[in-house]
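Please keep the sequence and the structure in view while reading.

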Amino acid sequence: MEPVDSPVPWIRDHTQKYVETNGEEGHDWKGVPTLLLTTKGRRSGQPRRTALIYGQDGDGYVVVASKGGAPTDPLWYLNLVEDPAVEVQVKADRFAGRARTATGEEKDRLWKLMTSIWPAYDEYQANTSRPIQVVVVERA
């Protein structure tokens, strides 16, 4: 089943360019690395794909469920909580992964990693009362 890309026009355009060029265009976005994450829609079962800024921690990829500091979690995060089996594309490398939410000291450490890549995450957290989650994706 072909994934449905983000309904947000600029994210959808970014994602499509990334796919069409195997990440040659799109991996580097505004000076930071991005990957494509595909989750399974928790209601529809339809694959849902979005582009996200990432960091690396050992063999794992780290992403932040920020939604720009919106009051609710992004849908992709809710989907992977329901079903942690995901698909990932980093440049031309596509693989099955398993996602989990970081907690405690690991979350604190990875939050610092991710704010070193994209400092605006601290602003996003300051603008919302919900805890912004940090997700680790490892190869399945």
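## A hairpin and its neighbours

Strands β7 and β8 make a hairpin with two residues between them, and in the turn Lys-91 has a positive phi of about 55°. Helices (H or I, at least four residues) and strands (E, at least two) are DSSP runs, numbered from the N terminus. This is a predicted model, in which local features need pLDDT of at least 70 and side-chain atom pairs count only at pLDDT 80 or more, while totals for chains, interfaces and linings use all residues. Residues are numbered from 1 along each chain as its sequence is written, and side-chain values use heavy atoms, with hydrogens and water left out.

Two strands are taken to pair if DSSP finds at least two bridges between them. By this rule β7 and β8 (residues 93-101) are antiparallel partners over six bridges, and β7 (residues 85-90) is also joined to β3 (residues 32-40), again antiparallel, by three bridges. Val-88 takes part in both pairings: Leu-37 has Val-88 as its bridge partner in β7, and Val-88 stands opposite Phe-95 in β8.

## Two nonpolar cores

A nonpolar core is a set of buried Ala, Val, Leu, Ile, Met, Phe, Trp, Tyr and Cys residues joined through side-chain atoms within 4.5 Å, where buried means under 20% relative accessible area, exposed over 50%, and partly exposed in between (1.4 Å probe, protein chains only). The largest such core has 17 residues, and those with the most contacts inside it are Leu-35, Leu-37, Trp-76, Leu-80, Val-88 and Val-135. Two or more residues each come from β3, β6 (60-65), α2 (75-82), β7, β8 and β9 (133-139). Apart from it lies another core, of 16 residues, including Val-64, Trp-111, Met-114 and Val-134.

## Residues of strand β3

Thr-38, another residue in β3, is buried with a relative accessible area of 13%, and its contacts include Pro-3, Pro-47, Val-86 and Glu-87.

Helix α1 (residues 9-20) has twelve residues and reaches 16 Å from its first C-alpha to its last, close to the 16 Å expected at 1.5 Å a residue, the expected span being 1.5 Å times one less than the number of residues. Its buried residues are Ile-11, His-14, Thr-15 and Tyr-18. Seen down the axis of α1, they fall within an arc of 95°, so they line one face of the helix; the arc is that of the directions from the helix axis to the C-beta atoms. Their cover includes β1 (4-5), β2 (28-29), β3, β4 (47-53) and β7. After α1 comes Asn-22, whose phi is positive, near 55°.

In helix α3 (residues 104-117), Lys-107, Leu-110, Trp-111, Met-114 and Thr-115 are the buried residues. Viewed down the axis of α3, these fall within an arc of 140°, so they line one face of the helix, while the face turned away from the buried side carries the exposed residues Glu-105, Lys-112 and Ser-116. Covering the buried residues of α3 are, among others, β4, β5 (55-57), β6, α4 (120-126) and β9.

Technical notes. Contact = heavy atoms within 4.5 Å. Lists of a residue's contacts leave out its neighbours within four places in sequence.
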